[in-house]
Amino acid sequence: MAEGQKPTINDVARISGVSKKTVSRVINKSPLLGEATRKKVEAVIAELGFVPNLQARALAMGRNFLIGLIHDNPNAQMVLGVQEGILDTIRDTEFALVVHPVNRHSPTLADDIRRFIEQQRLYGVMLLPPLSERDDLAELCRDLGCTLVRMGSARLDDDEHLVASNDRQAVSEAVGWLVELGHTRIGFVAGPEGFRSANEREQGFLDGLAAAGLTLDPAIAARGTYRFESGKAAGEKLLSAAEPPTAVFSSNDEMAAGILHAARERGLNVPEDLSIIGFDDTATAAHIWPPLTTVRWPIRTMASTAAAKLIRPASAASEPSFFLSDLIRRASAVPYRS
């Protein structure tokens with residue numbers, strides 16, 4: 001190698017005594033290598049100061065080193081948590097994140113996603129709910145030769161292409177805890193129609209009531225959009241009932257914050273007059289007062305694992321696919337006081 005000349009992948013292969021393909025596997029962090037070979041090649045790369053040509057590699061692969069996050073989700077805190085999780089994994093790699101919000105009601109949704117994947121020449125795609133719940137969109141990604149991971153509240157795909165949580169069980173257990181605290185008139189605010197997460201959480205709520213021999217009074221039930229304003233409107237409805245609830249379960253934290261505001265406007269104290277439980281454990285839960293008891297959805301961990309599956313598809317099956325949610329007990333829920 002001439003003085004002042006930049007080292008190439010051929011130089012790394014020659015000095016390491018391995019093939020160019022083996023060097024490429026080291027660069028791409030392939031699991032199909034022995035540890036001794038990997039360390040030897042990495043040492044030569046470090047010694048030569050070799051920097052892979054991403055443009056050349058992308059051209060050879062027919063793909064850019066881009067992970068696409070495609071979503072139509074009204075919960076901004078949830079989407080932010082997903083972005084942070086993906087960045088946790090791709091930091092210090094050659095990969096970058098591209099976020100693409102869409103309108104799931106658009107008649108051109110599939111064409112929009114196809115155009116985005118083709119124009120960006122994406123390496124992989126992560127679909128958030130409710131888009132992830134559509135098999136046709138998953139098949140579209142596969143048809144375009146794009147690695148795919150779907151995030152959801154139930155099993156949507158095989159382990160290599162899935163990160164999922166136990167929403168139904170977690171909500172049922174949260175309701176059971178409210179019953180243990182002495183609450184028997186428990187209100188419910190559901191998530192939006194068309195979201196599998198909303199359905200799973202609603203079924204979990206009903207499971208929890210049924211296990212205690214209780215039923216849901218329609219007068220203290222409402223449906224929201226996962227946004228603060230809808231939670232406030234739902235709270236106003238529930239608290240206007242002839243016999244208002246002593247506790248409310250909200251299908252996400254944003255709506256729970258709205259319920260809390262509705263209670264305050266009525267002169268009610270939380271949790272003395274009304275206990276509230278949310279879902280997600282986003283930053284909102286810890287920042288409002290009183291701090292919100294909530295079911296922690298491991299959003300960031302799930303997204304980080306999804307990114308690992310996307311950038312290292314050969315080892316995706318060895319990554320976990322199922323993640324447990326757990327109840328985070330804070331100050332917004334206390335025993336019932338008659």
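The model is predicted, so local features need pLDDT of at least 70 and side-chain atom pairs count only at pLDDT 80 or more, while totals for chains, interfaces and linings use all residues. Residues are numbered from 1 along each chain as its sequence is written, and side-chain values use heavy atoms, with hydrogens and water left out.

**Positive phi**

I recorded a positive phi of about 75 degrees for Tyr226, although this residue is not a glycine. Tyr226 lies in the loop between E7 and helix H10 (228–239); helices (H or I, at least four residues) and strands (E, at least two) are DSSP runs, numbered from the N terminus. I then turned to Asp281, another residue other than glycine, and noted a positive phi near 60 degrees. Asp281 sits in the loop between E9 and H12 and is buried, with a relative accessible area of 18%.

**The sheet**

I traced an open sheet of six strands with mixed pairing, in the order E7-E6-E8-E9-E10-E12; two strands pair if DSSP finds at least two bridges between them. At the edges I found strand E7 (221–223) and strand E12 (326–328), each of which pairs on one side only. Strand E10 (residues 293–296) pairs with E12 in the antiparallel sense over three bridges, and Arg296 stands opposite Asp326 in E12.

I next examined helix H8 (residues 167–180), which packs on the sheet and touches E6, E8, E9, E10 and E12 (contact means heavy atoms within 4.5 Å). The direction of H8 makes about 165 degrees with that of E9; axes are lines fitted to C-alpha atoms, for helices over the stretch in contact, and angles run from 0 to 180 degrees between N-to-C directions. Helix H11 (residues 253–265) lies across E6, E8, E9 and E10, at about 160 degrees to E9.

**Cis peptide bonds**

I noted a cis peptide bond between Val270 and Pro271, with omega about 15 degrees. Pro271 belongs to the loop between H11 and E9. The bond from Trp289 to Pro290 is also cis, with omega near -5 degrees, and Pro290 is in the loop between H12 and E10.

**Cysteines**

I searched for disulfides (pairs of cysteine sulfur atoms within 2.5 Å) and found zero. Cys141 is buried at 0% relative accessibility, and Cys146 is buried at 5%.

Note on methods: Buried < 20%, exposed > 50% of the residue type's maximum accessible area, 1.4 Å probe, protein only.
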